Amino acid sequence: MYLYFVEEGTWQLLECKGDIPSPRVAATMAAVDKKLFLFGGLSQNSGWLEGGHVFDTGMYFWHLIFQLLVTRLCVFCSMQNPALGQKLKLLVKVLRRGIN
């Protein structure tokens with residue numbers, strides 16, 4: 001990812017961390033406050049992509065949106081019902097093994 005400096009007319013390569021999205025075209029991106037939300041797109045290797053990522057412009061860090069939602073859901077469920085929270089965490093681990 002590059003950062004463009006308007007006044008200088010120069011580009012700078014950013015050192016991003018986290019769950020960096022794969023290369024894609026035809027994606028949708030929206031800026032909300034200091035975050036960039038990336039959805040979908042077309043991959044040369046795997047076709048149309050689902051899901052999304054969010055980029056924190058202050059930290060130069062990418063997150064998978066699915067993971068953020070699941071983590072928050074696990075925390076909420078654990079606070080409301082510890083047994084349900086544990087089952088949800090186990091399900092997430094099983095799903096991640098299947099995805100990887």
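## The nonpolar core

The largest nonpolar core consists of 6 residues: L14, C16, L36, L38, F55 and W62. A nonpolar core is a set of buried Ala, Val, Leu, Ile, Met, Phe, Trp, Tyr and Cys residues joined through side-chain atoms within 4.5 Å. Buried means under 20% relative accessible area, exposed means over 50%, and partly exposed lies in between, with a 1.4 Å probe and protein chains only. In soluble globular proteins, nonpolar side chains tend to be buried together.

Leaving aside residues up to four places away in sequence, L36 touches M1, M29, A30, A31, H53, V54, F55 and T57. Contact here means heavy atoms within 4.5 Å.

## Basis of the model

This is a predicted model, in which local features need pLDDT of at least 70 and side-chain atom pairs count only at pLDDT 80 or more, while totals for chains, interfaces and linings use all residues. Residues are numbered from 1 along each chain as its sequence is written, and side-chain values use heavy atoms, with hydrogens and water left out.

## Overall composition

The protein has 2 helices and 9 strands. Helices (H or I, at least four residues) and strands (E, at least two) are DSSP runs, numbered from the N terminus. Read from the N terminus, the order of elements is β-β-β-β-β-β-β-β-β-α-α.

Of the 100 residues of the protein, 22% count as buried. The accessible surface comes to about 7900 Å², and 61% of this surface belongs to carbon and sulfur atoms. Such areas come from the Shrake-Rupley method with a 1.4 Å probe; for residues, only the protein chains shown count as cover.

## The sheet

An open sheet is formed by 5 strands in the order β3-β9-β8-β5-β4, with mixed pairing. Its edge strands are β3 and β4 (28–32), each of which pairs on one side only. Two strands pair if DSSP finds at least two bridges between them.

Strand β9 (residues 61–64) pairs with β3 (residues 17–18) in the parallel sense over 2 bridges, and W62 in β9 is the bridge partner of G18. Strand β9 also pairs with β8 (residues 52–56), in the antiparallel sense over 4 bridges; here H63 in β9 is the bridge partner of V54. The hairpin of β8 and β9 has 4 residues between the strands, and Y60 takes a positive phi near 55° in this hairpin.

## The salt bridge

The structure holds 1 salt bridge, defined as a side-chain nitrogen of Lys or Arg within 4 Å of a carboxyl oxygen of Asp or Glu. The bridge joins K35 and D56, whose closest N and O atoms are 3.4 Å apart. Because K35 lies in strand β5 (residues 35–39) and D56 in strand β8, the pair ties together parts that are 21 residues apart in sequence.

K35 counts as partly exposed, at 35% relative accessibility. D56, in turn, is buried, with a relative accessible area of 19%.

## The surface patch

Y2, Y4, V6, W11 and L13 form a nonpolar patch on the surface, and together have about 630 Å² of accessible area. Strands β1 (2–5) and β2 (10–13) are the elements that give two or more residues to the patch. Patches are made of residues with over 30% relative accessible area and no salt bridge, where like charges are joined within 9 Å and nonpolar side chains (Val, Leu, Ile, Met, Phe, Trp, Tyr) within 5 Å.

Y2 belongs to strand β1 and counts as exposed, at 54% relative accessibility.
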